[in-house]
Amino acid sequence: MCPYTKKFRIAAGPLNGKLIQMPNSTNLFARAQTVIPGGVNSPVRAFKGVGGTPIFIHKGNGPHLFDVNGNQYIDYVGSWGPLILGHAHPVVIEAIQEAIHRGLGFGAPTEIEVEMAEFITKVMPSIEQIRMVNSGTEAGQSAIRLARGYTQRNKILKFNGCYHGHSDSLLMKGGSGLLTFGIPDSPGVPEEFVRQTLIAPFNDIEAVRTIFKEFGHEIAGVIVEPIAANMNCVLPLPSFLSQLRAICDRYQSLLIFDEVITGFRVGLGGAQALYEVTPDLTCLGKIIGGGLPVGAFGGRREIMEFLSPKGPVYQAGTLSGNPIALTAGLTTLKLLKQLNPYEELAEKTLEFTQELKVLGELYGIPLFAQSVGSLFGIYFTERDSITCYEHVADCNIDQFKQFFHGMLQKGIYLAPSAFEVGFISTAHTNSILDSTLETVERVFKIGLKKNFSELDLLTRNNIF
Ligand SMILES: *Cc1c(COP(=O)(O)O)cnc(C)c1O
């Protein structure tokens, strides 16, 4: 146990019935709420989806997180996807340490940008040219601007429940009915933008056909998460993606795969290699930054050459291609190529979800679970398949909340929302996964009725 952990474990414990005020999650969150909207820099972190107080992280190591109270957790979030090698992988950390001595960035070309582009274009052949940005949001926003500029059309088709970052044109959700314009997911998104974004249910190729019949020649592109991993974990039905490809070809619209999560997660070639469907443009992020802020978009050369300075579509970034961020990213990608952990990760993750289902059955808790690669989804539902947003939305969210808090109190950190996917890293050994399943069993044994979220951090410490 590190001295920090020891100090805080003692300091945060009850002393003559009183809690000594040290920087713990509860008082950090109170301070944060005064100076940061909602106390967080990205909404899901605030635990609104599950209730209670977010834990503030002190450090991560391999599969583990340590909070500022000194509690240790097995982490199934992995910084929302980037950390496929676990926290603070020594090879990645060493590469960054070596790179920082040469300076933190120059706003001028560097060799590592060329290496990164060469690496990605080699393992993802649909990408002939690529441009680096600083987030997945930027990648999505830039890809659709490029699609619009290239096709000289304005409309974009996206799918209900898919997330492509928070840019105006993409922050839409489906309304009711089959054929629909999006409705803004946020005030501040102008109606004019909404009219340019069409929405279809995920996996509903007939809805796509109907929309294309009416608007096909106005649609610049279809943007889709080939595996929907922002509404928990929803796999494409067989041939959904290839049929999208065919429709786009017929109407000369671009097919844009948002592989910000799936890129380098389900295999080196991403979901496009897994399902053997070739998009025109691909968005990347998360893993390609190895934990630092990196995004990218790339695709067919003739489309990418429409970008400034070669072409007319403007796109830029002061910190784009930052050498430290790319060092973290490229080191991660090279390690993935060298280790080729994908088959083992997929097997482990599949087994994990199967065991979860067995435990659900054993304790009479209706539960469905599924996985692809090292992504997994857990759903409290009687259903035995989950194929669209509506299926996820009508799961038992209250049971998820109880499950989440029960697991958290026993040292397992799951994403704090029933709509988020789970991530397993190469640092999640079989014994880590087994001990997680044992914890699931302990929580199921207690049952999901007890209101775990009412227990405070002090109680949580005592449970360990
Ligand atoms: C996370 C994510 C984004 C947005 O990336 P940020 O880096 O958070 O801006 C876009 N698309 C998908 C599929 C994502 O999962």
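So, helix 14 and helix 15: in this predicted model, helix 14, residues 397-409, packs against helix 15, residues 430-446, at an angle of about 125°, and their axes are 10 Å apart. That angle makes helix 14 oblique to helix 15. As for handedness, helix 14 and helix 15 make a right-handed crossing.

Now, which residues in helix 14 and helix 15 meet? On the helix 14 side we have Phe403, Gly406 and Met407, and they meet Thr436, Thr439, Val440, Val443 and Phe444 in helix 15. If you sort that contact by class, you get five nonpolar residues, three polar ones and no charged residues.

Let's move on to the aromatic rings. The count comes to 16 aromatic pairs, and I'd like to show you one of them, Phe352 with Phe376. Their ring centres are 5.3 Å apart, with 75° between the planes. The pair is edge-to-face, because planes over 60 degrees apart fall into that group.

Where in the chain do Phe352 and Phe376 sit? Phe352 belongs to helix 12, residues 342-362, and Phe376 to strand 17, residues 375-379. The two are 24 residues apart, so the pair links distant parts of the chain.

One last stop, if you'd turn to Phe47 with me: ring pairs join Phe47, Phe400 and Phe404 into a cluster.

Note on methods
Residues numbered from 1 in each chain as written. Predicted model: local features only at pLDDT ≥ 70, side-chain atom pairs only at ≥ 80, totals over all residues. Heavy atoms only, no water. Axes fitted to C-alpha atoms, helices over the stretch in contact; angles between N-to-C directions. Helix = DSSP H or I, 4+ residues; strand = E, 2+ residues; numbered from the N terminus. Parallel < 35°, antiparallel > 145°, perpendicular 65-115°, else oblique. Left-handed = near helix turned anticlockwise from the far one by under 90°. Contact = heavy atoms within 4.5 Å. Nonpolar A, V, L, I, M, F, W, Y, C, P; charged D, E, K, R; others polar. Phe/Tyr/Trp six-rings, centres within 6.5 Å; stacked < 30°, edge-to-face > 60°.
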